[in-house]
Amino acid sequence: MGIPLLQTARIGAYLLKQHLSGRERYPLVLMLEPLFRCNLACAGCGKIDYPNEILNQRLSYDECMEAIEECGAPVVSIAGGEPLLHKEMPQIVRGFLAKKKFVILCTNALLLAKKIDDYKPDPSFTWSIHLDGNQAMHDKSVCQRGVYDKAVEAIKLAKSRGFQVSINCTLFNDADPAETAAFFDDMKALGLDGITVSPGYAYERAPDQQHFLNRTKTKELFRGILARGRGGRAWPFTQSRMFLNFLAGNEAYKCTPWGNPTRTVFGWQKPCYLLGEGYAKTFRELMDDTEWDKYGVGNYEKCADCMVHSGFEASAVRHMVQNPLKALAVSVRGIRTEGPMAADIPLDNQRPAEYVFSSHVSRKLAEIRGRKAGAGKPGAEETLAAE
Ligand code: SF4
């Protein structure tokens, strides 16, 4: 079982409360990106292509605490950039734990050995190590040799210190089902507490645009992988079985972008973790003012191939809450990897992509420069100097 009982019970109670109250849109996981700066430059990453002035920005401890208070999600996933470059990260993690949140700290693990003494094991705290496959697959994905070995060493170290450790694995169109299944076997043998897997999103700013999966290839790939692991039951996935069932083409969900609201140094990102089409100052403004129907598969060109966990896990969880017996059957029998697939959402009426990245960057740069020119307020360089 990949999801600890305490987590299942607390999140289950939260979901039931939302469901019974008839709330149409509610958050499940706060996706927090307190910085964009990273110590790697991966081929499929669409998060770090910013000027230095923006890469030098950080969300402060207070801003991180305000974000969780505003949205009220039971889980926080801290990503970036590389969160371990943020000097306040231990304090931020402790702050979320004190608020009884489940904290997932995503890292490429390069700094984990150096920073591990700043953290304490806690049933509500999990290290999520970025690993996109075996040594050859991962080192290729992160464009640097030796990173896989360091990540595996970090997993062993964190496990030996009593931490919960999972991996987050993003797959691209060169992933081989047999190789990926063997990789999951290796990870299970390491004693990992969980595996999170997702197809990559085709970020428009990613350096490598050739290796993103389309929907058909995603479903075929996941059928090929899951068939080699007893319909997914062989591995400790932290995701709902219904999400994996969706990846295998057995369900056709609309996304639930508000399920994983995203707070970055730009503000609350509209509409989701993957697309930065605008920014809201508050969580309430994000929920009330985002034109949700403009996004999603079939509505918007940039969404056409998206099957990413941050967009669809909450859809799967919602489906599970509404259809508990079906979810139980999938869990017990394993995910079907043969036979017809669910008809997908047609793309005939999707609106064309809008390209707004440059305007958001220009606005943010103007804001940073205006602040630095202002009455002695601390700027990015001062923040960095303290690190
Ligand atoms: S399909 Fe949904 S989650 Fe995916 S990019 Fe579009 S809005 Fe975001």
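Which residue stands opposite Ser77 in E2? That residue is Met31. Before going further, I note that this is a predicted model, in which local features need pLDDT of at least 70 and side-chain atom pairs count only at pLDDT 80 or more, while totals for chains, interfaces and linings use all residues. Residues are numbered from 1 along each chain as its sequence is written.

Two strands pair if DSSP finds at least two bridges between them. E2 is also joined by four bridges to strand E3 (residues 102-107), again running parallel, and here Ile78 stands opposite Leu105. Strand E2 (residues 75-78) is covered on both faces, with Val75 and Ser77 buried on one side and Val76 and Ile78 on the other. A residue is buried if 20 or more other C-beta atoms, placed from the backbone, lie within 10 Å of its own, exposed if 12 or fewer, and partly exposed in between.

Let us turn to helix H7. Val147, Tyr148, Ala151, Ala154, Ile155 and Ala158 are buried there. Viewed down the axis of H7, the directions from the axis to the C-beta atoms of these residues fall within an arc of 120°, so they line one face of the helix. On the other side of H7, Asp149 and Ser160 are exposed. After H7 comes Gly162, with a positive phi near 90°.

Note on methods:
Helix = DSSP H or I, 4+ residues; strand = E, 2+ residues; numbered from the N terminus.
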